[in-house]
Amino acid sequence: MKLTEVLQKQKQWLTSMVRIDEFTIDAPATADVVVINGVSYPPCTAFRGNYTDYSIMNSPQVNDFICSLIIPYAVTYRFPSTTNFDDLPLDQIGALYNNTSMRWIKQGRSIADDIQQTFLPVIDNPILCNRATNLDNDWLVVLLFEFGVSFIVDPENTALQPPGDWIPPIDDTEYSVEVGLWRRKKQSPDNLDVTLDFTL
């Protein structure tokens, strides 16, 4: 499975678990509620950061590689500045965070056959809550997700280089190299031979 496919499928999975109004690095433009089927929800944006903790290794299968990485996301809710801190739905947001995390562990492998494992690293402060002085002093509540995944990875062409076939590296091969020194016989310039000193 290609790396770009894993990133895309993981994003699709997240949007099926968490309502996201827009993918952008910015906070929601306003604190106005979003009404869906007559129900009001706080506005919400999300963005994916660069993946971290990348590693790749040989897998037990011939010519396969296992890639492991962590995909970070930040999901931001915005609430009006007139809302009291105690009235913010932090418990509900915490429950949403917990449910999403558990489902990633339980269901993450089902998004693609090549996924070998899903995991979540330790996050010291997964939910942040602050007033945004540059956004009318509104409340911003940010959920920090880090979705860990390992999968069988395939090579892929990118727009950054010309396309071409990718050939897996050959297996290690043993070589025998003989090293010798030219020596003169009886100090005669016309009488040379070679003596094998050692073999690598």
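**Figure 1. The crossing of helix 1 and helix 2 in this predicted model is right-handed.** A crossing is called left-handed if the near helix is turned anticlockwise from the far one by less than a right angle, and right-handed if clockwise. Helices (H or I, at least four residues) and strands (E, at least two) are DSSP runs, numbered from the N terminus. The two helices, helix 1 and helix 2, pack at an angle of about 135 degrees, with their axes 11 Å apart; axes are lines fitted to C-alpha atoms, for helices over the stretch in contact, and angles run from 0 to 180 degrees between N-to-C directions. Helix 1 and helix 2 are therefore oblique to each other, given that angles under 35 degrees count as roughly parallel, over 145 as roughly antiparallel, 65 to 115 as roughly perpendicular and the rest as oblique. From helix 1, Gln 10, Trp 13, Leu 14 and Met 17 meet Leu 96, Thr 100, Arg 103, Trp 104 and Gln 107 of helix 2, where contact means heavy atoms within 4.5 Å.

**Figure 2. The largest nonpolar core has 33 residues.** Such a core is a set of buried Ala, Val, Leu, Ile, Met, Phe, Trp, Tyr and Cys residues joined through side-chain atoms within 4.5 Å; buried means under 20% relative accessible area, exposed over 50%, and partly exposed in between (1.4 Å probe, protein chains only). The residues with the most contacts inside this core are Val 75, Tyr 77, Leu 143, Val 149 and Phe 151. Two or more residues each come from helix 1 (3–17), strand 4 (44–48), strand 6 (65–79), helix 2 (90–107) and strand 9 (138–153). Leaving aside residues up to four places away in sequence, Phe 151 touches, among others, Met 1, Leu 3, Val 6, Phe 65 and Ile 115.

**Figure 3. Thr 76 lies in strand 6.** With a relative accessibility of 11%, Thr 76 counts as buried. Its contacts, not counting residues up to four places away in sequence, include Ala 27, Pro 43, Thr 45 and Val 141.

**Figure 4. Asn 37 and Asp 53 each have a positive phi although neither is a glycine.** Asn 37, with a phi of about 55 degrees, is found in the loop between strand 2 (34–36) and strand 3 (39–41), and is exposed, with a relative accessible area of 78%. Asp 53, with a phi of about 50 degrees, is found in strand 5 (residues 52–58) and counts as exposed at 56% relative accessibility.

**Notes.** Residues are numbered from 1 along each chain as its sequence is written, and side-chain values use heavy atoms, with hydrogens and water left out. Because the model is predicted, local features need pLDDT of at least 70 and side-chain atom pairs count only at pLDDT 80 or more, whereas totals for chains, interfaces and linings use all residues.
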